[in-house]
Amino acid sequence: METKKLFDLDSYVRDFSATVLSCEENSKEKGSYLVVLDQTAFFAEGGGQPADQGKLGSASVHHVSEKAGVIYHHCDRPLETGTTVNGSIDWDIRFSHMQIHCGEHILSGIILREYGFHNVGFHMGHEFTTIDLDGELNAEMVRHVEDLVNQAIGENGEVHVSYPDKETLSTLPLRKKPEVEHLRVVEVCGYDFCGCCGTHVAHTAEIQLLKIIDFQRYKGGTRLFFLCGKRALQDYQQKHNSVKGLAEEFSCKPEGLCAAVHKLQNDLSEAKMQLNEKNKLLFDLLGQKLLASAPEVQGCKWIFLYGGFSADEAKSFAMTMAKQDDLFCSFFMPAGDSVRYALSKSKNAGSLSNKALCQAMNKALGGKGGGSEDLCCGSLPFISEELLRDFFTQQLGL
Ligand SMILES: [Zn+2]
């Protein structure tokens, strides 16, 4: 027997009582019971709208599914067949779904009217809702549509649900062609006529607000991301706080933020370029100084450096130095509780193996990393300059 759907003509039924017709443990989910009632206010997942949640007697309903007109309440405990239970749906979740679903109708109807694009996909997610369109919208069109939708919300028009007969159905300007004969039609005050099984608010002002938060190209068309009601307001509040905080940081007005960030990026690029130039000079001078006192090991010279640069700078310095003949570089940069390293070796520099030395160092000092004979990079748990020097002096047989 098909379950009587109390939400069908009245989405505002929150509490109800019903008779338990059957209850079986869910073979696909241990500890979950599938309860069938004679009637229910719980909406089963379908048509892009997620299932309701709530309570049936003392049981919690965490999911609702439908098969051949029968609604299955997925409960955390069994209910006795033949008994009467009181049910209540989580109204916050449901009302949010009603706002979003109704907002989606207006949005889809207006896009079709303004640009002729069809809604070909709808998904109500936890974070946001998406619709997929079979045409490409640009930023200006998205803004235009958003304005019109919010205007329609402010008009507070009525939302009607009906089951028109075949003859009436053929006269309605439906957005989608009906696939079934006994079609449930939702009319949103002239903005949309559409076959839909979902739950909607009764008046458009209850949607409160629809905000398109993003759009992107998708399968030759457009995917729109949007929020409605309380979630749209929360999004605005969060973003407002972020923008206000940033504007204070930059000592500018919110509308001047993009320009301020752009200037900061330019200043940073300029500073990086200057730093690179200065590092080149510094590497040159420091390299000469280190080489002047470098000891000879296994047919090449060895230079050691601890601190003074970032890990990337040390790597770049080690690579630059390795371009010289017969040189082995071991550079270490302490950062917090670790020491990053760069070991480089000139081509054909003596008999020393950079890789073997790196492996021996990792093993002895608990490090991670590796590379090639030219360059090995990685990190060690923090170790002092003195201990590192001692380790290399021993390894290199000095
Ligand atoms: Zn709908």
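A residue is called buried when its relative accessible area is under 20%. By that criterion, both His101 and His200 are buried in this predicted model. These two histidines belong to the zinc site, where the metal ion is coordinated by His101, His105, Cys196 and His200. The domain assignment of the chain gives domain 1 (4-89), domain 2 (95-247) and domain 3 (295-395). The centres of domain 2 and domain 3, taken over C-alpha atoms, are separated by 61 Å.

**Zinc site**

- The donor atoms are NE2 of His101, NE2 of His105, SG of Cys196 and NE2 of His200, at 2.0 to 2.5 Å from the zinc ion.
- The arrangement is tetrahedral because the four donor atoms subtend angles of 86 to 121 degrees around the zinc ion, and four donors count as tetrahedral if all angles lie between 85 and 135 degrees.
- Along the chain, the donors of the zinc ion follow the spacing H-x3-H-x90-C-x3-H.
- Distant parts of the chain are linked by the pair His101 and His200, which are 99 residues apart.
- His101 is in helix 1 (residues 91-115), whereas His200 is in the loop between strand 13 (192-195) and strand 14 (210-218).

- Strand 11 and strand 12 (residues 185-188) run antiparallel and are joined by four bridges.
- Within this pairing, Ser162 has Val185 in strand 12 as its bridge partner.

**Strand 18 and its neighbours**

- Strand 18 (residues 327-335) is mostly covered, with seven of its nine residues buried.
- Strand 18 pairs with strand 17 (residues 300-306) in the parallel sense over six bridges, and Trp302 stands opposite Phe328 in strand 18.
- A right-handed β-α-β unit is made by strand 17, helix 6 (residues 311-321) and strand 18.
- With strand 19 (residues 338-345), strand 18 pairs in the antiparallel sense over eight bridges; Pro334 has Val339 in strand 19 as its bridge partner.
- Strand 18 and strand 19 form a hairpin with two residues between them, and Gly336 in the turn has a positive phi of about 65 degrees.

**Positive phi in residues other than glycine**

- Most residues other than glycine have a negative phi.
- Lys219 is not a glycine, yet has a positive phi of about 45 degrees; its place is in the loop between strand 14 and strand 15 (221-228).
- Lys219 has a relative accessible area of 76% and is therefore exposed, the cut-off being over 50%.
- Gln298, also a residue other than glycine, has a positive phi near 40 degrees and lies in the loop between strand 16 (296-297) and strand 17.
- Gln298 counts as partly exposed because its relative accessibility is 38%.

**Helix 8**

- Leu388 is found in helix 8 (residues 385-395) and counts as buried because its relative accessibility is 0%.
- The C-alpha atoms of Leu388 and Leu365 are separated by 9.2 Å, and the two residues are 23 residues apart along the chain.

Terms used:
Residues are numbered from 1 along each chain as its sequence is written. This is a predicted model: local features need pLDDT of at least 70, side-chain atom pairs count only at pLDDT 80 or more; totals for chains, interfaces and linings use all residues. Side-chain values use heavy atoms; hydrogens and water are left out. Donors are N, O and S atoms within 2.8 Å of the metal (3.2 Å for Na, K and Ca); water is not among the atoms, so sites may look incomplete. Four donors count as tetrahedral if all angles lie between 85 and 135 degrees; four count as square planar and six as octahedral if opposite donors are over 155 degrees apart and all others between 65 and 115; anything else is irregular. Buried means under 20% relative accessible area, exposed over 50%, partly exposed in between (1.4 Å probe, protein chains only). Two strands pair if DSSP finds at least two bridges between them. A crossover is right-handed if, with the strands pointing away from the viewer, the path from the first strand over the helix to the second runs clockwise. Domain bounds come from an automatic or database domain assignment.
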